[in-house]
Amino acid sequence: MKIWSSKSADKKFSEKVRSVGVCQRPDCPYCHNVKGKKLEESRFVLQCSHFWGRNCSATRYEFDNADCFCSGTHFKWEGEKAGAYRNYMIKKLGKKRYDELERLHNTTISRRDSIIKLMKELE
Ligand SMILES: [Zn+2]
């Protein structure tokens, strides 16, 4: 079995996250028909956002750690990880799973092992 490169794994993970096709932020001010315009008519695009940053392999390919957001919210919420983004995550996951994800973020696994886990999840 050939192990994907990080670049390839990132691409497949991001594609899967964005496959929901809409921004996951409730009442997103950037793309929910703002002034009657739909996302595809705006300057925003859908992106894969990581709550815990991508430099941690243990949560880099964890679907609970990722959301499909429009680029407006993705950019804005990078600075809201102690605020609105955190509140969103707790609501989405429940406090128990949120705490588990935080613990996972503080564990060390190799990039290779995280990619193998992702490959199994996506096969
Ligand atoms: Zn949005």
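Analyst: Cys-70 touches Cys-23, Cys-28, Tyr-30, Cys-31, Leu-39, Phe-44, Val-45 and Leu-46, leaving aside residues up to four places away in sequence. Two residues are in contact if their C-beta atoms, placed from the backbone, lie within 7 Å. This is a predicted model, in which local features need pLDDT of at least 70 and side-chain atom pairs count only at pLDDT 80 or more, while totals for chains, interfaces and linings use all residues. Residues are numbered from 1 along each chain as its sequence is written.

Cys-70 and Cys-23 are the residues with the most contacts inside the largest nonpolar core, which has 15 residues. A nonpolar core is a set of buried Ala, Val, Leu, Ile, Met, Phe, Trp, Tyr and Cys residues joined through C-beta atoms within 7 Å. A residue is buried if 20 or more other C-beta atoms lie within 10 Å of its own, exposed if 12 or fewer, and partly exposed in between. Helix H1 (6–18), strand S2 (66–70) and helix H6 (111–122) are the elements that give two or more residues to this core. Strand S2 provides the largest share, four residues. Helices (H or I, at least four residues) and strands (E, at least two) are DSSP runs, numbered from the N terminus. In soluble globular proteins, nonpolar side chains tend to be buried together.

Of the contacts with a separation of 6 or more, 75% are between residues 24 or more positions apart. The secondary structure comes to six helices and two strands, in the pattern α-β-α-β-α-α-α-α along the sequence.

Arg-54 lies in the loop between strand S1 (46–50) and helix H2 (57–60). Arg-54 counts as partly exposed because 15 other C-beta atoms lie within 10 Å. The C-alpha atoms of Arg-54 and Asp-10 are separated by 9.5 Å, although the two residues are 44 residues apart along the chain.

Another contact joins two helices. Met-89, Ile-90 and Leu-93 in H4 meet Lys-95, Arg-97, Tyr-98 and Leu-101 in H5. By class, this contact of H4 with H5 has five nonpolar, no polar and two charged residues. Here Ala, Val, Leu, Ile, Met, Phe, Trp, Tyr, Cys and Pro count as nonpolar, Asp, Glu, Lys and Arg as charged, and the others, Gly among them, as polar.
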